[in-house]
Amino acid sequence: MQAMLIEKYGKYPLKLADIPMPTVGDHDILAEIHAASINPLDRLVRDGKLRIMLKYDMPHVLGYDLSGIVIQVGKKVEKFKIGDEIYGRPSKGGAFAEYISVHENDIALKPKNLSHAEAASIPLVGLTSYQVLHDHLELSAGQKVLIQAGSGGVGTFAIQLAKAMGIYVATTTSEAGAGLVRSLGADQIINYRTEQFNKLLHDYDGVFDTIGGETLEKAFQIVKQGGQIVSVVGPPNARFGEAVGSGFIKTNVFRLISRKLTKLENKYNVKYSFLFMKPSGRQLEILTEWIESEKIKPVIDRVFPFKEAQKAMEYSESGRAKGKIIVKMKG
Ligand SMILES: NC(=O)c1ccc[n+]([C@@H]2O[C@H](COP(=O)([O-])OP(=O)(O)OC[C@H]3O[C@@H](n4cnc5c(N)ncnc54)[C@H](OP(=O)(O)O)[C@@H]3O)[C@@H](O)[C@H]2O)c1
């Protein structure tokens with residue numbers, strides 16, 4: 001089968017290669033992939049920047065979002081059958097390929113009202129948004145959240161999910177993304193190029209940070225006492241290390257690199273967490289309901305043919321995408 005892979009870490013272009021069909025474990029399904037989507041995770045893995053958390057054997061097929069059709073099931077698979085249309089965030093990557101073997105717990109039935117290209121845009125950003133807003137920030141109707149970078153892949157999903165949960169949403173974007181985030185339901189839109197969110201917002205229940213650095217540090221100023229900030233960019237802190245069982249050395253590295261944020265936690269009485277999203281077919285089923293009831297819609301910027309996956313990566317690296325970038329294998 002054909003796949004887009006890396007042979008070593010570094011800023012090398014993706015290589016189109018013929019590789020053997022994947023093996024199918026007892027709890028895996030084999031899917032014919034119809035579409036995948038690009039995430040910043042692809043280039044972070046390619047560059048070797050996540051080696052402390054994710055280490056892959058080489059060659060490694062990138063791609064962490066897929067939609068496709070089940071063509072074989074492992075001996076102990078219970079949830080899926082041949083012919084099912086599925087979507088998911090495969091734990092081990094591998095979605096920039098014609099076929100993938102993926103654990104049945106990583107996938108769910110594709111929303112009936114979406115094409116494969118649309119469905120492939122959802123899993124990673126959808127699960128990230130759900131895990132931040134629902135599982136970590138534990139926000140409920142009437143509360144207020146700031147979602148940074150509302151026009152990005154994560155932001156466009158997170159705004160819609162927060163609105164579906166009844167939450168008041170402030171978001172940051174440039175002039176170019178203002179119309180989009182307004183159409184998704186954002187209540188307050190801040191142009192990060194001309195305005196400072198920390199001067200405009202106060203008493204927020206939570207912040208969903210997708211930017212990091214000084215932007216993350218400034219977020220402490222707008223959260224009410226006892227509130228929370230969750231960043232998906234980092235740095236990880238010791239609490240994260242302990243929660244995921246990173247071990248003594250890594251946890252202490254996390255403690256060291258996050259010490260500035262720990263000081264801010266104490267100064268403002270605001271909890272800081274780092275989140276690394278987890279694949280979950282069960283949570284995807286929850287998102288499917290919101291999608292099928294049209295409370296959440298896919299937001300797609302561009303679609304590239306499979307063989308142009310490298311161009312799709314480069315477009316993602318521009319950092320200017322509005323919504324998601326799709327790579328299409330079929331149709
Ligand atoms: N830890 C995890 O599990 C996890 C999961 C998902 C994503 N992430 C991380 O989250 C980040 C966002 O991911 P993504 O998929 O949303 O990326 P993306 O789609 O590439 O984000 C692009 C968008 O970001 C906006 N943007 C850039 N700089 C901004 C700023 N300073 N303020 C506000 N908006 C800004 C751009 O808008 P303009 O063109 O208008 O500037 C553009 O629309 C990435 O760093 C990714 O690695 C982490």
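How many bridges join strand E1 (residues 2-6) to E2? Four, and the two strands run antiparallel. The legends below start from there.

This is a predicted model, where local features need pLDDT of at least 70, side-chain atom pairs count only at pLDDT 80 or more, and totals for chains, interfaces and linings use all residues. Residues are numbered from 1 along each chain as its sequence is written.

**View 1. An open sheet of three strands, in the order E2-E1-E4.** Pairing here is antiparallel; two strands pair if DSSP finds at least two bridges between them. Strands (E, at least two residues) and helices (H or I, at least four) are DSSP runs, numbered from the N terminus. Zoom in on Leu 5 and you'll find its bridge partner in E2, Lys 15. Strand E2 (15-18) and strand E4 (60-61) sit at the edges with a single partner strand each, so one side of each has no neighbour in the sheet.

**View 2. The shell of 30 residues around the ligand.** The closest are Pro 40, Ala 149, Gly 152, Gly 153 and Ser 174. Elements giving two or more residues include helix H1 (40-46), helix H3 (123-136) and strand E10 (168-173). The shell splits into 14 nonpolar, 14 polar and two charged residues; nonpolar means Ala, Val, Leu, Ile, Met, Phe, Trp, Tyr, Cys and Pro, charged means Asp, Glu, Lys and Arg, and the others, Gly among them, are polar. Domain 1 (2-122 + 298-328) and domain 2 (125-274) each supply at least three residues, with bounds from an automatic or database domain assignment.

**View 3. Helix H4, which gives the most to the ligand shell, with three residues.** In H4, 10 of the 12 residues are buried, so the rest of the structure largely encloses it. Buried means 20 or more other C-beta atoms within 10 Å of a residue's own, with C-beta atoms placed from the backbone. Among those buried are Val 154, Phe 157 and Leu 161. The buried residues pack against H3, E10 and H5, as well as strands including E9 (144-147) and E16 (324-328); contact means C-beta atoms, placed from the backbone, within 7 Å. After H4 comes Gly 166, with a positive phi near 80 degrees.

**View 4. Gly 206, a residue of strand E12.** Gly 206 counts as buried because it has 27 C-beta neighbours inside 10 Å. Leaving out residues up to four places away in sequence, Gly 206 touches Leu 137, Leu 139, Val 145, Val 223, Gly 227 and Gln 228.

Methods. Near = placed C-beta within 6 Å. Contact = placed C-beta atoms within 7 Å.
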